[in-house]
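Hello,

Here is the structure you are taking over. Please open it first, then read the notes below with the view beside you.

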Amino acid sequence: KSHKELLMPSMPCHAKTNVMFLKTHKTASSTVLNIMFRFAERYKLTVALPAGERLHLGYPKTFLARFVEGFQVIGRNYNIMCNHLRFNPSEVQKVMPLNTFYFSILRNPVPLLESSYVYYKNNVPAFRISKDVNEYLASPLKYYRPADYKRNIYARNIMWFDFGYDNNAEVNEKDIQAVLEEIEENFHLILIADYFDESMILLKHALCWDLDDVVYFKLNSRSQDTVQTLTPESVERVKGWCSLDWKLYLHFNQSFWRRIEETIGLEELEKEVNHLQMRQKELMETCLSDQEAVGKDHIKNKALQPFQSGAANILGYNLRQDLDNRTLRTCQKMVMPELQYTSYLYSVQHPHKKRKQLSLP
């Protein structure tokens, strides 16, 4: 048998239903979270949701099992975990079953930093006191005060931080290598946001899910007019300033493509990406009145308006008016922003608890 055939078993596989997604910041992870939530509902799975009033699992504190609602009662019987947390494997393992599939997503640190800058402009001291992203990158240490490190995590090596490591560490090659190996031990798959559709196909294969389980509408993205253009100098400076994230990204971008070649092959990948895009287009025609995402001021149903942050104009969707109940439910779930969906699932799973308050319009 060829190498390829050995990797593609002819046995039909079973959909994996115990899955932990480490949701990283500004990496298309809200779209992945929506995919996870819809899958959980489709198969009536239990989601490890934030306890009490929280909308994330203790972030930016390092994760503890008690940050999960009902952990004392439910124990290790959750199927899906995907809200923001700072990774801490020993505590996550108290919540998730032994056979859990772990995955996460990374993004090129250059567009990532620009996205963070606009999104967290008002919350992060280093961003707030600089004029724009290029000025910030020209001399980050002028604005980035180590004493403020807790509030500045989005301003440097945010992915490294989300994975549980020190984003201000002075590290050598040996330390970096050790971290990369540790991440490879803890995670079965690392996706790349810059190749999102390819990532969804790889995820579908790895989890043995259907095409409709990974079809999506892009969520929590912002309007083009809030994107700041980086100068060529700034692009290079990000790689130095966020060198830990840069090493992380280069390493897993490489393993991502290697994984595709070993399991799916580029030809098959292209076919499946086309299918995914066709299905997405079909659903957009079915669900949406505008065929595309619209700016915050144009979202008619305020209950479906995503959380707005910083200088970003976070886009949302308008559903068609003439949908039958079943289609409407499907479409609503596809466009439901993260905070609303978290709150909704919480009220379904914990009907006797006080509902989560969303400070939304």
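Helix α16 gives the most to the lining of the second largest pocket: seven residues. Bear in mind that the model is predicted. The pocket has a volume of about 580 Å³. Its lining counts 19 residues. Nearest its centre lie Arg38, Arg42, Arg329, Thr330 and Lys333. Which elements give two or more residues to this lining? They are α2 (29–42), α12 (211–214), α15 (266–287), α16 (325–335) and α17 (338–349). By class, the lining has nine charged, seven nonpolar and three polar residues.

Next, the cavity. The search of the whole structure finds one cavity of 30 Å³ or more. The largest cavity holds about 40 Å³ of space. Helix α5 (residues 109–119) gives the most to its lining, with four residues. Residues that line the cavity include Pro109, Leu112, Leu113 and Ser116. Also among them are Tyr154, Ala155, Arg156, Asn157 and Ile158. Cys242 and Asp245 are on the list too. By class, this lining has seven nonpolar, two polar and two charged residues.

Now the aromatic rings. How many aromatic pairs does the structure hold? There are 26. Take Tyr102 and Phe187. Their ring centres are 6.2 Å apart and their planes stand at 90 degrees, so the pair is edge-to-face. Tyr102 lies in strand β3 (residues 101–106). Phe187 is in the loop between α10 (173–186) and β4 (189–192). The pair therefore ties together parts that are 85 residues apart in sequence. Are these two residues buried or exposed? Both Tyr102 and Phe187 are buried.

Trp160 and Tyr165 make another pair. Their ring centres are 5.7 Å apart, with the planes at 50 degrees, so this pair is tilted. Trp160 and Tyr165 are both buried.

There is also a cluster. Ring pairs link Tyr117, Phe127, Tyr136, Tyr143, Tyr144 and Trp241.

Two charged side chains sit over rings. Arg86 lies over the face of Phe161, at 3.7 Å from the ring centre. Lys356 lies over the face of Tyr346, at 4.0 Å from the ring centre.

Finally, two single residues to look up.

Ser309 is in the loop between α15 and α16. Its relative accessible area is 7%, so Ser309 is buried. Which residues does Ser309 touch, not counting those up to four places away in sequence? They are Val118, Tyr119, Asn123 and Ile314.

Glu285 sits in helix α15. Its relative accessibility is 38%, so Glu285 counts as partly exposed. Neighbours within four places in sequence aside, Glu285 is in contact with Gln291 and Arg320. Thr342 is 57 residues from Glu285 along the chain. The C-alpha atoms of Glu285 and Thr342 are separated by 26 Å.

Best wishes

Terms used: Residues are numbered from 1 along each chain as its sequence is written. This is a predicted model: local features need pLDDT of at least 70, side-chain atom pairs count only at pLDDT 80 or more; totals for chains, interfaces and linings use all residues. Side-chain values use heavy atoms; hydrogens and water are left out. On a 1 Å grid over the protein atoms alone, a cavity is a set of points where a 1.4 Å probe fits but cannot get out, and a pocket is an open set with protein on both sides within 12 Å along at least five of seven lines; lining residues have an atom within 4 Å of a point. Grid points are joined across faces, edges and corners, and a volume is the space filled by probe spheres set on the points. Ala, Val, Leu, Ile, Met, Phe, Trp, Tyr, Cys and Pro count as nonpolar, Asp, Glu, Lys and Arg as charged, and the others, Gly among them, as polar. Buried means under 20% relative accessible area, exposed over 50%, partly exposed in between (1.4 Å probe, protein chains only). Contact means heavy atoms within 4.5 Å. Rings of Phe, Tyr and Trp (its six-membered ring) pair if their centres lie within 6.5 Å; planes under 30 degrees apart count as stacked, over 60 as edge-to-face and the rest as tilted. A charge sits over a ring if NZ of Lys or CZ of Arg is within 6 Å of the ring centre and within 35 degrees of the ring normal.
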